[in-house]
Amino acid sequence: MPNTAILEVDGKRYEFPIIEGSENERGIDISNLRKETGLITLDNGYMNTGSCLSAITYLDGEKGILRYRGIPIEELAEHSNFLETSYLLIYGELPTKKQSEDFRTNLTRHTMIHEDMKRFYDGFPRDAHPMAILSSAVNTLSTFYQEEESQPHGRKLTYSILRLLGKLPTIAAFSYKKSIGQPFVYPTNSLTYSANFLKMMFGVPAEEYEVNPAAEHALRLLFMLHADHEQNCSTSTVRLVGSAGTNLYAAISAGIAALWGHLHGGANQRVVEMLKRIQAEGGDGEKFLERVKNREEGVRLMGFGHRVYKNFDPRATIIKKACDNLLSKMGISDPLLDIAMKLEEAALKDDYFVERKLYPNVDFYSGIIYRAIGIPLNMFTVMFAIGRLPGWIAQFKEMVDSPDTKIGRPRQVYTGPVHRHYVPLAERG
Ligand code: ACO
């Protein structure tokens, strides 16, 4: 196979190297394009642009493959747990027994938040969206840990990592407690990551709280399935913000803000809102699909379609199965699940969706699981953020550890007015 690409502009030929990844993915290295030709590329939505070399996550959208550090997501879902998966993503290898124990112990030293931080919760309106609180609170962490305020490396980065992984569930659960007027429940370090989160969400100081093992299992699975997804919108945001030399808290805070968008992580909340609307209208989704296909303003089949997956999303396959299992274990029958399954069946047979290669994505069934566990609708995207945190961290770390990192600074093709002079106010019509 040729390892150069030829570009001809104005009768002049230029050669650019083709680089190949470990899974034989090929890309044209245009680092010298502007220097040599004076031209830039234009790529709306970065549909064809690779922004970095990365050894963290591999996905093949045609074949529905997703692997963290080479290990298929299906194997991790079956055998691993969230902290081990986080370690794998961040440090590149599965931990030994000792590394695993140390990681867990060190992390549990950082699960509480500074008592002064609790007062911020009084300042937010009670009905504030928890994603806004999450993003603000994470950025605030740098005011409490000022030694990590400039871009951390080495030991300081290790502390930022442990603090974020330890504190994010606490920050998230406190925002929920505040919204319903209940006292904050402090972390319990003897519990697993997911069980501790469930206790902080649903426990009250007046009673013992028993974690439902089926709920714990389902939450752990969802956290793992969300843990990384290479250069998606929020991860690219984390890298872009971090490339300016910010600390980890600032970069992750920006990533949380990006994830909130309804075309990205915010879709999980929108899916359940859509299913509820269909239910309230008394339909099975047929009319709704017509509205989607007629391209009514703002109407999309939420939880369907993906920039990269054009066959199936392997996470959706695992989540659908887990959803069935959880509901039957908990003895729950959710009419929204029936509507979702009917919608999926109809869409997968419909030319509109088939032609555009639109399939259920990670968000289509995850909301049904969150509902079964008792997570309120506006916390769904927060669950996604907790799951995605190790991926954001791993990508930030890979970026700051790389000697090739440059500040992210795209170019543009200017289309505004050409040179003209300032007109004084009195002379304007
Ligand atoms: N419902 C209806 N039509 C859709 C949908 C959908 N969910 N998704 C894509 N399309 C159509 C588009 O209208 C477009 O049609 P056209 O070519 O006739 O104009 C075509 O399919 C291609 O879609 P684009 O929006 O160009 O694809 P893109 O890669 O830019 O967008 C995205 C991907 C944002 C995920 C899109 O599929 C979407 O909006 N899905 C619904 C929101 C969602 O579920 N987001 C979560 C994604 S997963 C994640 O971020 C965690």
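This briefing describes a sheet, a ligand site, aromatic pairs and selected residue positions in the structure above. The model is a predicted one. An open sheet of three strands, ordered β4-β5-β6, is built with antiparallel pairing. The ligand is surrounded by 20 residues, and the protein covers 77% of the 910 Å² of accessible area that the ligand has on its own. Aromatic pairs come to 19 in the count.

**The three-stranded sheet**

- Strands of a sheet pair through backbone hydrogen bonds, in either a parallel or an antiparallel sense.
- In the open sheet of β4, β5 and β6, the pairing is antiparallel.
- The edge strands are β4, residues 57-60, and β6, residues 71-72, and each of them pairs on one side only.
- Strand β5 covers residues 65-68 and is joined to β4 by four bridges, the two strands running antiparallel.
- Within this pairing, Asp 60 has Ile 65 of β5 as its bridge partner, and Thr 57 has Tyr 68 of β5.
- A hairpin is formed by β4 and β5, with four residues between the strands. In its turn, Gly 64 has a positive phi of about 70°.

**The ligand site**

- Among the 20 residues around the ligand, the closest are Arg 295, Arg 300, Leu 301, Gly 303 and Arg 307.
- By class, this shell holds 10 nonpolar, five polar and five charged residues.
- Arg 295 places a polar side-chain atom 2.3 Å from an oxygen atom of the ligand.
- Leu 301 contributes a polar backbone atom, which lies 2.7 Å from a nitrogen atom of the ligand.
- Tyr 352 has an N or O atom of its side chain 2.9 Å from a nitrogen atom of the ligand.
- Of the ligand's own accessible area of 910 Å², the protein covers 77%.

**Aromatic pairs and a cluster**

- A pair of aromatic rings is described by the distance between the centres and the angle between the planes.
- The count of aromatic pairs is 19.
- Tyr 91 and Phe 103 form an edge-to-face pair, because their planes stand at 90°; the ring centres are 6.4 Å apart.
- This pair links distant parts of the chain, 12 residues apart: Tyr 91 belongs to helix α3 (residues 82-91) and Phe 103 to helix α4 (residues 97-108).
- Tyr 91 is partly exposed, with a relative accessible area of 32%, whereas Phe 103 counts as buried at 6%.
- Phe 197 and Phe 223 also form an edge-to-face pair, because their planes are at 65°, which is over the 60 degrees required. Their ring centres are 6.5 Å apart.
- This second pair likewise links distant parts of the chain, with Phe 197 in helix α8 (residues 193-202) and Phe 223 in helix α9 (residues 213-225), 26 residues apart.
- Phe 197 is buried at 0% relative accessibility, and Phe 223 is buried with a relative accessible area of 1%.
- One aromatic cluster consists of Phe 304, Tyr 352, Phe 353, Phe 364 and Tyr 365. Tyr 352 of this cluster is also the residue with a side-chain N or O atom 2.9 Å from a ligand nitrogen.

**Positions along the chain and in space**

- Asn 311 is placed in the loop between α13 (286-293) and α14 (314-330).
- With a relative accessible area of 31%, Asn 311 is partly exposed, because this value falls between the limits of 20% and 50%.
- Asn 311 and Pro 360 are 49 residues apart in sequence, and their C-alpha atoms are 9.7 Å apart in space.
- Arg 155 is found in helix α7, which covers residues 154-180.
- Arg 155 is exposed, because its relative accessible area of 62% is over 50%.
- Arg 155 and Asp 338 are 183 residues apart along the chain, and 50 Å separates their C-alpha atoms.

Key. Residues are numbered from 1 along each chain as its sequence is written. This is a predicted model: local features need pLDDT of at least 70, side-chain atom pairs count only at pLDDT 80 or more; totals for chains, interfaces and linings use all residues. Side-chain values use heavy atoms; hydrogens and water are left out. Two strands pair if DSSP finds at least two bridges between them. A residue is near a molecule or strand if one of its heavy atoms lies within 4 Å of it. A polar contact is a pair of N or O atoms within 3.5 Å; within protein, one must be able to donate a hydrogen and the other to accept it, and residues adjacent in sequence count only if both atoms are side-chain atoms. Accessible areas come from the Shrake-Rupley method with a 1.4 Å probe; for residues, only the protein chains shown count as cover. Ala, Val, Leu, Ile, Met, Phe, Trp, Tyr, Cys and Pro count as nonpolar, Asp, Glu, Lys and Arg as charged, and the others, Gly among them, as polar. Rings of Phe, Tyr and Trp (its six-membered ring) pair if their centres lie within 6.5 Å; planes under 30 degrees apart count as stacked, over 60 as edge-to-face and the rest as tilted. Buried means under 20% relative accessible area, exposed over 50%, partly exposed in between (1.4 Å probe, protein chains only).
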